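Please look through the model below with its helix packing and salt bridges in mind.

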Amino acid sequence: MKNYDNVTIFNHPLINHKVAILRNEKTSMKEFRELVEEITTLMTFESLREGVPTVECEVKTPLETCTQSMVKDNAIVIVPILRAGLGMVNGVHVLFPSARVGHIGLCRNEETLEPMEYYCKLPDGIEESLVLVIDPMLATGGSACDAIDLLKKRGCKNIKFMAVIGAPEGVSRVAEAHPDVHIYVSTLDRELNENGYILPGLGDAGDRLFGTK
Ligand code: PRP
Ligand code: URA
């Protein structure tokens, strides 16, 4: 895959270790859910290093008064792409519990692989916030592109996208369609198969999170 300025592939030993367990077909639903949350937390810490609206506050310590930056009210909105994105929400909330949550429901048509929108509910004033779109899997990139298009139509200007596993096809598609959106992926996999599944991947993230198959 080409190098893109707006793409970060973590490839971090501690995250890779967790991804190895996540991929394993024998990993239980409970452990899968916990790992998705843990990986999300590790990625969020770094993904939010830049672009978070902050404000300088005055704080009186026991010794003196100082100024200290804090995250602005309503600065961050998390937008999981339903359904599998829901599995990442707690992983962000662990670090920033007051982040509001918008939901975008997209489901891939299994034949055309095109995403279909079935739900959208976003917090008021989202256009002023940093919007962190989350989905464990970035495969063809269709769902990510649609979600980002929808958010831009709603006036959002500060958007980041975070996925656990990305396929080169999907990462390139989103990076090129949305050069202003930074994409964070813990692991870049090899390719997509003919059904749009990521190889080696981890299977269907929604099914493994929620036990539907
Ligand atoms: C999966 C995944 C992404 C999408 C990625 O969702 O969670 O949303 O596929 O594929 P793409 O990059 O090719 O669009 P799916 O449509 O299976 O729905 P689900 O989360 O309800 O299982
Ligand atoms: N969605 C998934 O859940 N897994 C894939 O490999 C591709 C899309």
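What covers the buried residues of α5? The model is a predicted one, and in it the cover over these residues includes the strands β1 (7–9), β9 (137–138), β10 (158–166), β11 (182–188) and β12 (191–192), together with helix α4. The residues of α5 that are buried are Pro 168, Gly 170, Val 171, Ser 172, Val 174 and Ala 175.

Helix α4 can be taken next. It spans residues 142–153, while α5 spans residues 168–177, and the two axes come within 9 Å, crossing at roughly 20 degrees. Because angles under 35 degrees count as roughly parallel, α4 is roughly parallel to α5. The crossing of this pair is right-handed. On the α4 side the contact is made by Gly 142, Ala 144, Cys 145 and Ile 148, and on the α5 side by Arg 173, Val 174 and Ala 177. Sorted by class, the contact of α4 with α5 has five nonpolar residues, one polar and one charged. Val 174 is in the contact with α4 and is also listed among the buried residues of α5.

Asp 180 pairs with Lys 152, with 2.8 Å between the closest N and O atoms. This pair links distant parts of the chain, since Asp 180 lies in the loop between α5 and β11 and Lys 152 lies in helix α4, 28 residues apart. Are the two partners buried, partly exposed or exposed? Asp 180 counts as partly exposed because its relative accessibility is 47%, and Lys 152 counts as partly exposed at 28%.

Helix α1 covers residues 13–23 and helix α2 covers residues 29–47; they pack at an angle of about 155 degrees with their axes 10 Å apart. Because angles over 145 degrees count as roughly antiparallel, α1 is roughly antiparallel to α2. The crossing of α1 and α2 is left-handed. From α1, the residues Ile 15, Lys 18, Val 19, Ile 21 and Leu 22 take part, and they meet Glu 31, Phe 32, Leu 35, Val 36, Glu 38, Ile 39, Leu 42 and Met 43 in α2. By class, the contact of α1 with α2 divides into ten nonpolar residues, no polar ones and three charged ones.

The loop between α1 and α2 holds Thr 27. Is Thr 27 buried or exposed? With a relative accessible area of 12%, Thr 27 is buried, because buried means under 20%. Leaving aside neighbours within four places in sequence, the contacts of Thr 27 are Ile 21, Phe 32, Leu 35 and Arg 208. Ile 21, Phe 32 and Leu 35 also belong to the contact between α1 and α2. Arg 208 is 181 residues from Thr 27 in sequence, but their C-alpha atoms are 9.1 Å apart in space.

Helix α2 has a further helix partner, α3 (residues 86–93). These two pack at an angle of about 50 degrees, with their axes 7 Å apart, and they are therefore oblique to each other. The crossing of α2 and α3 is right-handed. Val 36, Glu 37, Thr 40, Thr 41 and Thr 44 of α2 make the contact with Gly 87, Met 88, Asn 90, Gly 91 and Val 92 of α3. Three nonpolar, six polar and one charged residues make up the contact of α2 with α3.

How many salt bridges does a search of the whole structure find? The search finds nine. One of them joins Glu 46 to Arg 49, with the closest N and O atoms 2.9 Å apart. Glu 46 counts as partly exposed at 32% relative accessibility, whereas Arg 49 is exposed, with a relative accessible area of 57%.

Another salt bridge joins Asp 207 to Lys 213, the closest N and O atoms being 3.9 Å apart. Asp 207 counts as buried at 12% relative accessibility, whereas Lys 213 counts as exposed at 84%. Salt bridges with shared partners join Arg 83, Asp 207 and Lys 213 into one network.

Notes:
Residues numbered from 1 in each chain as written. Chains lettered and ligands numbered in written order. Predicted model: local features only at pLDDT ≥ 70, side-chain atom pairs only at ≥ 80, totals over all residues. Heavy atoms only, no water. Axes fitted to C-alpha atoms, helices over the stretch in contact; angles between N-to-C directions. Helix = DSSP H or I, 4+ residues; strand = E, 2+ residues; numbered from the N terminus. Parallel < 35°, antiparallel > 145°, perpendicular 65-115°, else oblique. Left-handed = near helix turned anticlockwise from the far one by under 90°. Contact = heavy atoms within 4.5 Å. Nonpolar A, V, L, I, M, F, W, Y, C, P; charged D, E, K, R; others polar. Buried < 20%, exposed > 50% of the residue type's maximum accessible area, 1.4 Å probe, protein only. Salt bridge = Lys/Arg side-chain N within 4 Å of Asp/Glu carboxyl O.
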